[in-house]
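Here is a short report on salt bridges. It looks at which residues pair up and where they sit.

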Amino acid sequence: MQRYLKRAKELESEIVENRRKIHQFGGIGFDIQETSDFVFEKLQSYGLHPQRMCGTGIVCTIGSGGKTILLRADMDALPIQEDTGLPFACQNGTAHACGHDMHTAMLLAAAKMLSETQDELKGTVKLMFQPAEEALKGATAMMEAGVLENPKVDAAFAIHVTTGHENFPTGSIQYVRGVAFGACDMFRITVKGKECHGAYPCRGIDPINIGSRIVTATQELVSMELPATEEAVITFGKFHSGEASNIIPSEAVLDGTIRTLSKEARTLLKTRFKEIVEQTAATFRGQAIVEYPLETGFCITDPDLFDQLKPTLCALAGEEMVQQIAPVNGSEDFGPISEIIPTVYVWMGAGTPSEGYPEKVHSPRTKFSESVLPLGAAIHATVAVNWLAQNA
């Protein structure tokens, strides 16, 4: 059980070097060519045969025949200016503030270790290096391009690092049985009004007034219409209207998200949200159009698959370091895969405030402890080898 952990520790300096290189590349969405090229060339140097998918996505298989387990790492960064002060900080206006550079470096190391022992595999390991996770588009694009076929994937596994939480010790593994990440439905509301001079609002229909009332009215949906046992959140992140201070504009656009942890809550909120938005606009003589330009489902940890993998996680991280937690209301692009393939998705603690990592993910100042990189690589490799052996 410790074989790959020992080897990963021998490779630690290489894993750290790879992580720092990827960190400097940054890049967002599918626009991560430098990272993609780096990963592709590394896989080739390990004697493997990677293939391009969806432009900057990469798929690579190790072993052959038998069952197939998919290991996934996301590769994209966030569109924020890094402010960590690290000597390898990204300088192009993007930042790996969600740890995807860590994920990619860990899976690369796992690929190297598995390539060294591929003759012993009791099946096939498929590596999925995915772009555009933050945009919630990459996994679906790679699914549509056939990432789950040839060979057909039977199980999937992914790790996400986290930092800035005192209750998530460095090197710990957190899991949820069932829905781990909630669904995220991104909405756009276009409010149609009537333009007029600001001195005579009675001659127009004010979309800003309507939009403001929509924000207020929809915030009561969670507290007043969902059971107290349900968790959900409606967030408005963007409200744009008008170009001049003395003109009531003809239109306002509001963007945001609805995040839910159950199908029932998701259906209810999306239905009632649309009704309230449209009726509020009509009350004030306007019109509102509700669209959902991007909808991402739940990311689910399969309980039976987790029961198979848990002994491996406990053996590598320590039984006391494998902790069950509550579902997370954030969203994860691996969700579409987890809805059709048995999947285990876990978090790994990578720095606590008392250790000098006070910032949580998605901050310009987010940092991660590189000490967990060998552990993450070993978990990927050992999970794959053990699951294949158990299901040969």
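Glu14 and Lys112 form a salt bridge, with their closest N and O atoms 2.9 Å apart. A salt bridge here is a side-chain nitrogen of Lys or Arg within 4 Å of a carboxyl oxygen of Asp or Glu. This pair links distant parts of the chain: Glu14 is in helix H2 (residues 12–25) and Lys112 in helix H4, 98 residues apart. Helices (H or I, at least four residues) and strands (E, at least two) are DSSP runs, numbered from the N terminus. Lys112 is buried, at a relative accessible area of 18%. Buried means under 20% relative accessible area, exposed over 50%, and partly exposed in between (1.4 Å probe, protein chains only).

This is a predicted model, where local features need pLDDT of at least 70, side-chain atom pairs count only at pLDDT 80 or more, and totals for chains, interfaces and linings use all residues. Residues are numbered from 1 along each chain as its sequence is written, and side-chain values use heavy atoms, leaving out hydrogens and water.

The structure holds 20 salt bridges. Among them is the one between Glu120 and Arg3 (2.8 Å, N to O). Glu120 lies in the loop between helix H4 (100–116) and strand E4 (124–130), and Arg3 in helix H1 (residues 3–10), so the pair ties together parts 117 residues apart in sequence.

Asp37 and Arg52 also form a salt bridge, with the closest N and O atoms 2.8 Å apart. Asp37 is in helix H3 (residues 33–45) and Arg52 in strand E1 (residues 51–53), 15 residues apart.

These residues are partly exposed:

| Residue | Relative accessibility |
|---|---|
| Glu120 | 46% |
| Arg3 | 45% |
| Asp37 | 26% |
| Arg52 | 38% |

Shared partners also join Arg19, Arg20, Asp101 and Glu370 into one network of salt bridges.
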